[in-house]
Amino acid sequence: MTTLLARNADILVTMDVARREIQGGGFFARNGVIEAVGSSADLPETADKVIDLSGLIATPGLINTHHHFYQNLTRAVPAGQNATLFGWLHAHYPIWARMGPDAIRISALVALAELALTGCVCSSDHLYMFPNGARLDDEIEAAQMIGARLHAARGAMSIGESDGGLPPDSLVENEAAILKDSLRAIQTWHDPNPGAMIRVAVAPCSPFSVSQGLMRDAAMLARDQGVMMHTHLAENDDDVAYSLDKFGCSPGDYAADVGWVGDDVWHAHCVKLDAREIALFAEHGVSVAHCPCSNMRLGSGIAPIGAMLRAGVNVGLGVDGSASNDSGHLMNEARQAMLLQRVAHGGDAMSARTALELATRGGAKALGRDDLGAIEIGKRADFAAFKASELALSGAWDRVAGLLLAGPLQAWHTVIEGKFVVHEGQITTIDLPSVLAAHHQISVDLMNG
């Protein structure tokens with residue numbers, strides 16, 4: 001058995017049921033599970049590993065509920081810089097079609113490193129295209145290298161342009177093959193146990209890129225295997241118009257019709273849900289992955305997050321793909337979620353602590369992780385720590401709120417399952433400069449066709 005003692009945090013933001021913030025706080029964990037939380041003076045004095053958090057503000061590890069790792073190879077592509085969703089996709093599809101296994105693996109390493117450096121311990125990734133022999137396994141193996149928790153969402157596109165869908169025919173797959181490989185990925189990689197490092201979700205891309213039949217079959221497969229379900233929904237006005245035209249109903253009603261409501265489902269975006277659809281999601285326990293930066297970048301609108309929370313819909317945060325953000329800074333996502341709600345609804349629409357809750361407890365619940373999202377007894381020993389002496393926090397009276405209002409900051413430490421992935425601001429598990437050099441070369445090759 002191994003033990004961990006983290007102590008002496010200037011402020012320990014627990015996000016527990018009581019939302020305690022403990023000055024001089026810490027926790028004790030055994031075999032990756034927290035056994036005691038409180039004032040450092042009240043904790044055991046020794047452990048196999050002791051982490052001194054003096055001068056640091058510690059929070060639960062952040063949870064990212066929606067991403068497309070591979071897109072960080074196509075940040076700031078000129079043709080898509082000023083486009084809305086459908087035009088942006090048309091500009092990027094031909095580039096993404098030239099990727100392969102190395103691109104998927106290297107981009108995953110970069111994405112997970114970028115997230116870890118912002119305090120993220122667990123990320124979902126929605127990989128919905130598999131060009132030139134790429135597999136979901138490529139990003140899973142990258143997550144194992146870096147030591148991050150990954151919910152690998154096996155996405156798919158099956159309706160190409162020739163059949164009335166949005167993606168080019170070269171990027172779509174046969175539906176039987178999609179279901180077969182989804183089952184293979186689940187049986188190979190999915191770990192349902194508490195503390196799991198790798199889980200797999202079933203994730204057809206969107207209503208405009210897969211058939212109704214595949215949506216229903218994917219739901220049946222996921223529930224038979226006991227895994228979660230994820231897709232894009234109601235992202236912008238064009239998305240809603242497509243649903244009304246093709247299916248004769250709103251996106252929320254379409255989701256219900258094909259079996260995509262339940263506490264095993266989380267939908268990305270949901271910018272255009274109306275009050276009735278929000279009530280439907282609340283009734284069935286559906287979670288939402290809110291991606292404010294991407295929604296702003298693509299001009300999709302402001303998601304009704306306040307209305308969702310008041311109705312009882314669980315909301316987590318997602319950075320979305322790094323071609324529509326174009327950053328993977330999860331603490332910044334929390335900051336923008338807070339600011340965007342204030343733009344729409346006034347200065348008291350969302351507090352800094354509520355935004356931080358979306359990035360921790362909300363994200364954990366969205367991914368079905370009752371073992372993550374808070375520093376409390378029974379949770380895993382995952383946390384992030386930020387330097388209280390950073391320039392950005394100088395003069396901050398409320399330093400917890402300052403993490404968002406005055407930040408966002410980079411993480412000084414990010415600890416996953418009791419192990420440093422980021423230590424003193426540096427990635428510890430991979431040779432990041434070498435990874436970035438390989439990443440840059442792949443991006444240049446894509447740029448040059």
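This is a predicted model: local features need pLDDT of at least 70, side-chain atom pairs count only at pLDDT 80 or more; totals for chains, interfaces and linings use all residues.
In soluble globular proteins, nonpolar side chains tend to be buried together. The largest nonpolar core here has 138 residues, and Leu89, Trp96, Trp260, Phe281 and Met308 touch the most other members. Helix H2, residues 101-116, gives the largest share of this core with eleven residues. A second, separate core is made up of 18 residues, including Phe27, Val37, Phe383 and Val415.

The surroundings of Trp260 may be examined in detail. When residues up to four places away in sequence are not counted, Trp260 touches a set of residues that includes Val202, Pro204, Met215, Met229 and Val265. Also among the contacts of Trp260 are His230, Thr231 and His267.

The largest pocket holds about 280 Å³ of space. Its lining consists of 18 residues, and those nearest the centre are Asn314, Glu357, Arg361, Gly362 and Lys365. Two or more lining residues come from each of strand E13 (314-317) and helix H12 (352-366). Helix H12 supplies the largest share, seven residues. Sorted by class, the lining has eight charged, six nonpolar and four polar residues.

The cysteines complete the description. A disulfide is a covalent bond between the sulfur atoms of two cysteines. The structure has zero disulfides. For Cys120, the nearest cysteine sulfur belongs to Cys122 and is 6.9 Å away. Cys205 is too far from any partner for a bond, because the closest cysteine sulfur, in Cys291, is 13 Å from its own. Cys120 counts as buried, at 4% relative accessibility, and Cys205 is buried with a relative accessible area of 4%.

Terms used. Residues are numbered from 1 along each chain as its sequence is written. Side-chain values use heavy atoms; hydrogens and water are left out. On a 1 Å grid over the protein atoms alone, a cavity is a set of points where a 1.4 Å probe fits but cannot get out, and a pocket is an open set with protein on both sides within 12 Å along at least five of seven lines; lining residues have an atom within 4 Å of a point. Grid points are joined across faces, edges and corners, and a volume is the space filled by probe spheres set on the points. Helices (H or I, at least four residues) and strands (E, at least two) are DSSP runs, numbered from the N terminus. Ala, Val, Leu, Ile, Met, Phe, Trp, Tyr, Cys and Pro count as nonpolar, Asp, Glu, Lys and Arg as charged, and the others, Gly among them, as polar. A nonpolar core is a set of buried Ala, Val, Leu, Ile, Met, Phe, Trp, Tyr and Cys residues joined through side-chain atoms within 4.5 Å. Buried means under 20% relative accessible area, exposed over 50%, partly exposed in between (1.4 Å probe, protein chains only). Contact means heavy atoms within 4.5 Å. A disulfide is a pair of cysteine sulfur atoms within 2.5 Å.
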